[in-house]
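Look at the model below. This report visits a loop, a strand and a helix in turn.

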Amino acid sequence: MAVYAGRTFTRSGGLVGAITHQLRTVTLKPLKKIDVTFDPFGENAKDIREFMFFISSPKVRQTNPSCPIRANVVNDRSEPNIVLKLINGENLIFRSGNLTTLELFKLLNNYVTPLAPVEEVEAPVATKGSRPKGKGMKKKKFN
């Protein structure tokens with residue numbers, strides 16, 4: 001039997017695991033609109049297409065259903081870019097020619113997620129009727 005010295009017994013999630021980790025923290029609340037422009041015949045189109053696939057997933061879209069994601073497909077060999085229009089009127093432009101999908105989501109989380117409003121979570125009020133039945137102290141009968 002071999003003993004592992006300082007190593008884990010499981011493997012990491014890899015690239016897809018890192019992307020899903022970034023997707024869990026993405027919020028579209030501070031965004032008004034997302035415009036993605038790319039040339040499908042260009043060399044760097046794969047990463048931006050993957051970005052569009054992941055950003056249009058239902059869980060991410062539920063964070064702001066009123067934020068449209070528009071794809072502009074051009075055929076002029078231009079560099080792919082992403083324009084994020086914020087609610088406060090500013091624009092963020094990601095020139096994604098040499099960026100991977102993971103780097104795009106890291107940039108999105110770095111710049112957009114801190115602008116999201118903080119939601120206050122109210123503690124549920126415990127009432128007598130909201131407690132589960134059958135749990136608790138049993139009544140003792142005294143003779």
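## An exposed loop residue

Arg77 is exposed, at 58% relative accessible area. Here exposed means over 50%, buried under 20%, and partly exposed in between (1.4 Å probe, protein chains only). Arg77 sits in the loop between strand S2 (69–73) and S3. Its phi is near 60°, a positive value in a residue other than glycine. Helices (H or I, at least four residues) and strands (E, at least two) are DSSP runs, numbered from the N terminus.

## About the model

The model is predicted: local features need pLDDT of at least 70, side-chain atom pairs count only at pLDDT 80 or more, and totals for chains, interfaces and linings use all residues. Residues are numbered from 1 along each chain as its sequence is written, and side-chain values use heavy atoms, leaving out hydrogens and water.

## A buried strand residue

Thr37 belongs to strand S1 (residues 31–38). Thr37 counts as buried because its relative accessibility is 18%.

What does Thr37 touch, not counting residues up to four places away in sequence? The list is Ile48, Asn72, Val74, Glu79, Pro80 and Asn81. Contact means heavy atoms within 4.5 Å.

## One face of a helix

Helix H4 spans residues 101–111, and its buried residues are Thr101, Leu102, Leu104, Phe105, Leu108 and Asn109. Seen down the axis of H4, they fall within an arc of 160°, so they line one face of the helix. The arc is that of the directions from the helix axis to the C-beta atoms.

The buried residues of H4 pack against helix H1 (14–25), helix H2 (45–55), strand S3 (81–86) and strand S4 (91–95).
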